[in-house]
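Let's take a friendly walk through a protein chain together.

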Amino acid sequence: MSPLSEIRKYLESAAQSSLDDIYAIDPHSLQLVGVLVDGAEAQIADHPLDDLLQALREPEARELLDAVPMELAVADISHELHTINRYFGEFRLLMVGRGSGRVLLVMRDSQAFSRHILHVLNEGANLSALISNAPGVVYQAHMSRDGVMGFLYLSDACKPLLGEDAEVLIANPDIFLALIDEEDRGAYEKNVSQSAHSLSVLNWTGRFWMQAWQDTKWINLRASPRKMPDGTVVWEGIMTNITQSRREQQAIRQSHEKLARLSAQMAQIKEKERLRIAQEVHDDLGGNLTAIRLGLSSIIKRLGPGQEALLTKAKQLEAIVDDTFEATHRIASDLRPNVLELGIVAALEWQAAQFVDKIGIPCEFVCNHAEVDVSTDHAITLFRICQEAMSNIAKYAKANHVEVTLEATLEEIVMQVIDDGVGIAPVDRLKANAFGISGMAERAVALAGQCRVQAGKQGGTIVSVSLPLQPVNIEAAG
């Protein structure tokens, strides 16, 4: 069957479309070989296309025509040509046929072309098989100049996916809109509007309620828009059912949330256990050591002349007790720093001073308030995260200066630990053994906050912690 006969066949099936003249061009010689006007063959001489043919002879356009694969039954090259020269924007150009029998079809309006393209080609059966086996609904949507949406084509997979026949949705597009969950409908309309305005790819996922099946499906719509000469917008794309993957993602997310809550509970339990041990070390061990110290002092006072050996031994034991006192005090302080009783500002200021004394790196502490009234959990969380951040700086950063800042508002409290060291690479934050970083994040999450570890703009690393100033009951949340 000749190309013109095929075009005529297409026009018969698209009698209600708004197609204007159609031109057939030899893609090799770029000569006009046929013209159809209102479905009837017309004289080529009466319908010159000199400007278009000259534009197609430009090297970039010529190269694009030659690059269309010979095995494609149909290839829409309108967008690619429009990218080369905006003049092509008023046309729809399709390469039809295979091998040496190909012809370039040029139309000024192809509003219904995608719906009937199978009737244009002798090889339409192959294209039909391709669409039938696509993993979803192949569709073409249309938006009029006044913003009314409708469908021009929906493949046969429409019924299994949406529960409605394609003909029903094409005739009444409001049914499709009604299928979208009320909570997601606004996002769908917003995304479609943005895609039409910017001609960007539509990529939207939402829930569809299937009344007949009493079930909800997650469906992804992905389509590319084109602006038509009459000001309307046409999308071609595919709808796919992603319910299974979405449910798996939700299950994974819920699992992560449970683990985060469990980790937060473990952190609270650990802090309580630390406090208990610190109190026992201070009260029991400290008390016993005090008794031993007093006893040794009493013995030393009673040792007289000629008992130098016993006196030396007693003083050695006294020195050991004093060292044990210091070790006990250090251990108790590490388990539960007494400085926290003075408030979070004093605690962080003390920690910065300790960092300077022990590591020898200048550390500056800045706060926008003389004191910040926070809960015990907030204070412990900020103190421990700062402690971990400074430990990492001492081990890895090779920094010359450290700054700790604390800012409090009526809604939240924000702490930053900033260094000018070698910085942290993104891969380091994802390491399986990055327990310190994950521990900081989990402590923040336990109080409905967040902790971010990122590279500084001018090098170094920034640890940022933000916590809402409303205490969170983790046990209740769990």
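In which sense do strand β9 and strand β10 pair, and over how many bridges? Strand β9 covers residues 202-210 and strand β10 covers residues 215-227, and the two pair in the antiparallel sense over 9 bridges. Keep in mind that this is a predicted model.

The hairpin of β9 and β10 has 4 residues between the strands. Look there for Gln-214, which takes a positive phi near 50°.

Now follow β10 onward. Strand β11, made of residues 233-241, pairs with β10 in the antiparallel sense over 9 bridges. Here you can pick out Ser-224, whose bridge partner in β11 is Glu-236. Between the strands of the β10 and β11 hairpin there are 5 residues, and Gly-231 takes a positive phi near 90° in this hairpin.

| Hairpin | Between the strands | Positive phi |
|---|---|---|
| β9 and β10 | 4 residues | Gln-214, near 50° |
| β10 and β11 | 5 residues | Gly-231, near 90° |

Finally, step back to the whole chain. Its secondary structure comes to 17 helices and 16 strands. The chain has 478 residues, and 40% of them count as buried. Of the contacts between residues at least 6 apart in sequence, 58% join residues at least 24 apart. As for the surface, the chain exposes about 26400 Å², with carbon and sulfur atoms supplying 52% of that area.

Notes: Residues numbered from 1 in each chain as written. Predicted model: local features only at pLDDT ≥ 70, side-chain atom pairs only at ≥ 80, totals over all residues. Heavy atoms only, no water. Buried < 20%, exposed > 50% of the residue type's maximum accessible area, 1.4 Å probe, protein only. Contact = heavy atoms within 4.5 Å. Areas by Shrake-Rupley, 256 points an atom, 1.4 Å probe, with all protein chains shown as cover. Pairing = 2+ DSSP bridges.
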